[in-house]
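Subject: Handing over a structure

Hello,

Please have a look at it before reading on.

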Amino acid sequence: MSDFLSAAEIDALFEQANSGRPPVESPDSGQGRRTRWLRTVDFSRPSKFGIDQQRRLRRIMDVFCASAATRLSAEHRLEVELEVIDAGQFTFANAVDSVPESSVAAVVETAGGDTKMIMTAELILVLEVIERLLGGTGDSVSERALTDIERVLARRLFGAFVECLSATWYDVCGATLELGRIDALGEGPQIVPASEPTLVLTVEARLARRSPRWACGPTRSTRSSSAARRCSA
């Protein structure tokens, strides 16, 4: 028997799938005919990053969490704990949609390369850290737009994060990272196509009584084998 399905058999399989009934073994399957199965594919959950790649990137983030928490405590007297709590693959559009709309986004680039990443942090976390940097307690922080001065201080916060991440990134990838522009998430640049596979690494920041989250995820760039990264706190 031929291994190819006729047009009528293909139509029958589609009709069977639309009705919610999976294919069954044909009576003559014992005569060498292979059973055809239909598999549902969720294009919003790509699988471009292998297990080894995910583990490697997660280890980078684990080291980053430890160094960033130590730096914030030593330089700014901010008692904060950072922990990677989740990792997942999405399209770039779905990855951005999973971040709270009020988040602050920063573009991170490799020095002299085409790799771009997006690091985002929940606005409430940014505002609380800024208030603590200015000597406040952060207890009365509520979400609002950043002022021009607060944008400068937010850049200082993201700059500290990028420097800590750059040290670990260099040890693994041989490249350093630089901080680019900082905007509200809705105003951030579209650094890759919306359908580009993206790995999102979510980090929880425990600061006093608050426990906001941020995430980081590389995505492949269309110009090279580079990655775009997004973080949401």
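This is a predicted model: local features need pLDDT of at least 70, side-chain atom pairs count only at pLDDT 80 or more; totals for chains, interfaces and linings use all residues.

Residues are numbered from 1 along each chain as its sequence is written, and side-chain values use heavy atoms, with hydrogens and water left out.

**Confidence and layout**

The mean pLDDT (the predictor's confidence in each residue, from 0 to 100) is 77, and 73% of the residues reach 70 or more. Please take care with residues 219–233, where pLDDT stays under 50. The model has 87 contacts (heavy atoms within 4.5 Å) beyond four places in sequence for that stretch.

The protein has five helices and seven strands. These are DSSP runs numbered from the N terminus: helices are H or I with at least four residues, and strands are E with at least two. Along the sequence they follow the pattern α-α-β-α-β-β-α-α-β-β-β-β. Among contacts with a separation of 6 or more, 64% are between residues 24 or more positions apart.

**The cores**

Of the 233 residues, 43% count as buried, meaning under 20% relative accessible area with a 1.4 Å probe and protein chains only (exposed is over 50%, partly exposed in between). A nonpolar core is a set of buried Ala, Val, Leu, Ile, Met, Phe, Trp, Tyr and Cys residues joined through side-chain atoms within 4.5 Å. The largest one has 43 residues, and F64, L82, V126, L146, F158 and F161 have the most contacts inside it. Helix 5 gives the most to this core, with nine residues. A second, separate core of seven residues includes F92, V99, A105 and L185.

**Helix 4**

Helix 4 is mostly covered, with eight of its eleven residues buried. These are L123, I124, L125, V126, L127, E128, V129 and I130. They pack against strand 2, strand 3, helix 5 and strand 5. After helix 4 comes G135, which has a positive phi near 100°.

**The cavities**

How many cavities of 30 Å³ or more does a search of the whole structure find? There are two. A cavity here is a set of points on a 1 Å grid over the protein atoms alone where a 1.4 Å probe fits but cannot get out, and lining residues have an atom within 4 Å of a point. Grid points are joined across faces, edges and corners, and a volume is the space filled by probe spheres set on the points.

The largest cavity holds about 50 Å³. L72, L78, V80, L82, L125, V129, L157, F161, A205 and L207 line it. By class this lining has ten nonpolar, no polar and no charged residues; Ala, Val, Leu, Ile, Met, Phe, Trp, Tyr, Cys and Pro count as nonpolar, Asp, Glu, Lys and Arg as charged, and the others, Gly among them, as polar.

The second largest cavity holds about 40 Å³, and its lining consists of L72, H76, L78, V129, L133, R156, L157 and A160. Six of these are nonpolar, one is polar and one is charged. Helix 5 gives the most to this lining, with three residues.

Enjoy exploring!

Best wishes

Notes. On a 1 Å grid over the protein atoms alone, a cavity is a set of points where a 1.4 Å probe fits but cannot get out, and a pocket is an open set with protein on both sides within 12 Å along at least five of seven lines; lining residues have an atom within 4 Å of a point.
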